[in-house]
Amino acid sequence: MNHSLRFVILLAACAFLAPAHNPVLAVNAVRGAELSYQALGGRKYLVTLKMYNFCSDQTVPTSYDVVEKSACGTKGHTLVLRSSRLISQTCPGACHYCKPGTCKNITLQEHVYTGTAVLLNNSCCERRIFIKFKMGRVTGTIDKDLYIDCMVNTCLARPNNSARFNLPPMVVLKPKKSHLVSFGAFDPDADTLAYALKASLEDSNKVFSYNTKWKLNAATGVCGLPYAKYWGWLKLQVSDIRDGQVVGYATREVEYYGIGTNAKNTIPWVTGIDSSTSFKADFCVGAQNCFTLYANDSNANDSVSLLCGDSIPGLQFLTSPYQKESAVVCWKPSPSDTINHTYHLTVRALDNACTQRAYSDAAYVLHLYHATLRPTYSIDSCGTVSFYPRLRVAAGDPKKIGIRWYGDDGLKSDKALTTKRYSASGKHTFYVEAYHKVTGCIMALDSGVVDLRHTVWVGLPADTTVCKNNPVRLAAHKARGFGSLSFKWSKGSSTADTLLTSFSQAESVTVVVTDQIGCAASATAQVSVFASPTFGPLADSLVCPLADTLYLQTTPTGGAWSGHLVTGAMYLPTPLQANSIQQVTYHYTDSHACTTAQPYQVQVYTLPQAHAGPDLATCQTRGQIALAATTRGLWLPAHGLIDSTLHTDSFAPGKYLFVYKNTSALGCTNTDTLAVTIYAGPTVSIAMADSACAGNSLILQAVPAGGQWLVNQLSHLGTSYFIEPKASGPLHLFYRYADSLGCRDSAAQTVQVLAAPGAAIVTSDTGLCINAKRLALRAGPLGGAWLGKGLLLDGTRSWFYPEKADTGRHLLLWAITGPNGCQGRDTLSIEVWPQPEAGFTYRAKNFQWPITMAFADGSTGRPTTWHWQFTAAPGDTSKRRNPNFTFAKDHGQRVALYVGNRHGCADTATQKLDFETVVGQSPFTQGHMAGYEIWQQAGSLYVGPKGQTATVHAQLFTVQGKWLAAAHATPNGTAQFDVSHLPKGIYLLRLHRDGVFETATVLIK
């Protein structure tokens, strides 16, 4: 096109075009670019520039300049495009081999720059926008200018979006494999798109297929730094055609490169501990251990850095900055670190000369060891001691922990279980320690003392005389030996140092004592025996229970008696000992202080039975009652008792006792008592008024309560207390009462029933919602009054208000009083139904527009019908109780819920949806992170501590888990993320502190 207006976007790499104020961008950082526009109407256009740059250590410009030019020679003003957001962190499909067997993503950033251009009003319709900058290969730098441009026909343009490419900035060709790659574009206005290949491929291995696809054939390539023939660009153009005319086009150069297996450059690697290839280390709690790591690279002239990738409390990572760095790792763990036995340390070797910042990671395993130790020992024989360690491994492999014994008397051993034979008695000190067999660090140390005594000695009292068959305690004294002692007596079975026994004749007693190491000693004592005294017989050993006292007598005198029911020398039996032989004992002490006990038997006779029968209760008017005893015997004479017959009329009310006696053939006597309670009987009276009103409930009252009523001698009411006489006239009442003893009494009374005036309610029984209007009440005749809840008198009319009565069934009373004081009544039933109260909650089911909201009914009052109105559109409704609805955008929608119950009572609730509150910010809850706050201000997202003093590492991700950025929150500041270039939506914010991770969702607006 000969008539064109150009906007030229210049980068600082091209010094002959770029304005002086543009920021500097490293050459190798630029991986591609794309221009597009959107016609806003009139002469206004929204110009968008996408830049694809490397992520690592590159300076990304904050803005670019666009200069307006046209074929008519007209030059416009300068337009500044500013960075708005970071679209993508990693572009897909890029794989780079820097070391055989490994594959790393080439990490790119997609930055978007936007600005609004007001084009000059002139006759030139065709205007072009250009970008020109230097490009570099995957590795190394070449002098190649990359042109990206787009055209807009301002004469034919209307507000629309231009055609835009939809493809990654790179194409990766794997060795010996053909790739069919689609380079599609899209236009939101659905115009016709035409594709063209504007420049041939720089690689001869290519096949042109059709407008939107090219087939690329990759040959065997190289790894790390590809040769030129496996790298290049192809230039594409897509035209936007409306009504047969080109209204705009966009061009783009796409980079492609090959992947091979023969590397010119290699990824550096890390050797292990102390220059070895071991990738693990052992650490003891309380002891510091250090090891050295080295960076290595086959390319000897490359500069390599070592980076520590894990945070272990207390671990030090010190580097020595040479061409190939080395690092010293030191760690002195504390007991609090034993919560984990295994710790992982990742060290990265970073190639400073590689374009892609090639690196490799080495994973180190740090094993933590911690143990406690307590020694013990045992004596196997005289002078031989066995030593045992009581080892508890809190962390680490027990097989790597050794035990060492040593002492002041030649003890030295590396065995866990060891023995030592001592040649001398006395105290011997020994020591034991647990140590790590590899590092040699001491994890636990303890000591003890062995006290050896090889002499055993035991003694007994001198020869002694004891009483025959009396208990005596013999005790060994001055027992001595090593460890615990065991005793064995020649008499009895005692194994203690004392013996409790008795002797019937003179004999000798020997005790043998043995200590823990088998040494023994013995002692012997001679025991003489005194003779026991003799006793005479017990006089008079027969006695009746409860009747006789037995006096106990025998010879020799001067002793003491013992036994059940013995007091001094007297024995008084009870009925429990009847017809039995009881034992008593006589205790006597002679002149040698020897005590002897002699048992005796006492014969106790049987008492005769005497049962007067169960106690009685009767009325004073009962008359004669025959007393029937269940055994042979006689009633003792008493007032009112004649020949076993009791005359109740001879007694005043009260309680009386009568005695029944029986004597056996042996002369033993027994008695029983009968208690008779005599009551006066009931007295009945009716407590009723002389008159009552017909139609009113009449309470029947009499004393005592619980009797039976007869009304007009026709209806037997039993024990009923309420009647309701319907007609006027006399009412005859009769009341009869009988108590529990069968004593009776009765009373009668006549009540005159008076006529009551008539009363009638006109209003019908009904039901109302609680928020319904008032109900007019009508009844007759005049002169009556309404009673009940919810009533209000307004002038001469009565009204019922449902909200004053509250929900439930209400019974209203209309009452009128006649001249005789009797009252006529009628009732009205009104049920007040509850009014439902509408209410609901909602939550987001996804985290991107369009957002689907889950609505939950929270209404009270038991509604049975629901009607939802989500937007102003007529069809956006639902009759489900808990529906879901999808909103395309946040326009401050108001959602209304209408609820009703089966009685027709209804209510409405309306809420304005707060999408920010719905998706919201999730608070942190883990440990110290619970005090961190999140807020957004002026295009930045902040994470700050709240009264905390520790640094926290923060990372920002998309909801799909794609990493975006990282920052640190320090004790005296906050972590800040630039979110001005991010689209509004939901993101994940992850905090890491003290080995604990927690993730919260945040809404960036």
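**Around H810**

I started with a side chain: a polar atom of the H810 side chain lies 2.8 Å from the backbone oxygen of D806. I count a polar contact as a pair of N or O atoms within 3.5 Å; within protein, one must be able to donate a hydrogen and the other to accept it, and residues adjacent in sequence count only if both atoms are side-chain atoms.

Ground rules before going on: this is a predicted model, where local features need pLDDT of at least 70, side-chain atom pairs count only at pLDDT 80 or more, and totals for chains, interfaces and linings use all residues. Residues are numbered from 1 along each chain as its sequence is written, and side-chain values use heavy atoms, with hydrogens and water left out.

I placed H810 in strand 75 (residues 808-817). Helices (H or I, at least four residues) and strands (E, at least two) are DSSP runs, numbered from the N terminus. Is H810 buried or exposed? I find it buried, because its relative accessible area is 10%; buried means under 20%, exposed over 50%, and partly exposed in between (1.4 Å probe, protein chains only). Leaving aside neighbours within four places in sequence, I listed the contacts of H810 (heavy atoms within 4.5 Å). They are K789, F800, A805, L828, S829, I830 and V832.

Next I checked D806 itself. It sits in the loop between helix 1 (802-805) and strand 75. Its phi is positive, about 75°, although D806 is not a glycine. I call D806 partly exposed because its relative accessible area is 40%.

**A three-strand sheet**

Two strands pair if DSSP finds at least two bridges between them. F800 is the bridge partner of L775. The open sheet has three strands in the order 70-74-73, with antiparallel pairing. Which are the edge strands? I get strand 70 (775-777) and strand 73 (791-794), each pairing on one side only. Neighbouring strands of this sheet are turned by 35° against each other on average, direction ignored. For angles, axes are lines fitted to C-alpha atoms, for helices over the stretch in contact, and values run from 0 to 180 degrees between N-to-C directions.

I looked for cis peptide bonds. One joins V703 and P704, with omega about -5°; P704 is in the loop between strand 62 (702-703) and strand 63 (708-711). The bond from G780 to P781 is cis as well, with omega near 0°, and P781 falls in the loop between strand 71 (779-780) and strand 72 (785-787).

R862 is a residue other than glycine with a positive phi, near 55°. I found R862 in the loop between strand 78 (851-857) and strand 79 (865-869). R862 counts as exposed because its relative accessibility is 77%.

**Strand 82 and its partners**

Strand 79 took me on to strand 82, its antiparallel partner over five bridges. T865 stands opposite G900 there. On strand 82 (residues 894-900), I noted that five of the seven residues are buried, so it is largely enclosed by the rest of the structure. Strand 82 also pairs with strand 83 (residues 906-912), antiparallel over seven bridges, and L897 stands opposite A909. The two strands form a hairpin with five residues between them, and G904 in the turn has a positive phi of about 90°.

**A525**

A525 is in strand 44 (residues 520-530). I count A525 as buried because its relative accessibility is 9%. Not counting residues up to four places away in sequence, A525 touches L460, P461, D463, E507, S508 and V509. L474 is 51 residues from A525 in sequence and 9.5 Å away in space, C-alpha to C-alpha.

**Cores**

Last, the nonpolar cores: sets of buried Ala, Val, Leu, Ile, Met, Phe, Trp, Tyr and Cys residues joined through side-chain atoms within 4.5 Å. The largest has 24 residues, and L35, V47, L49, M51, Y113, C150 and V238 touch the most other members. Among the elements giving it two or more residues I noted strand 2 (30-41), strand 3 (44-54) and strand 21 (245-258). Apart from it lies another core, of 23 residues, including F291, V304, V347 and L368.
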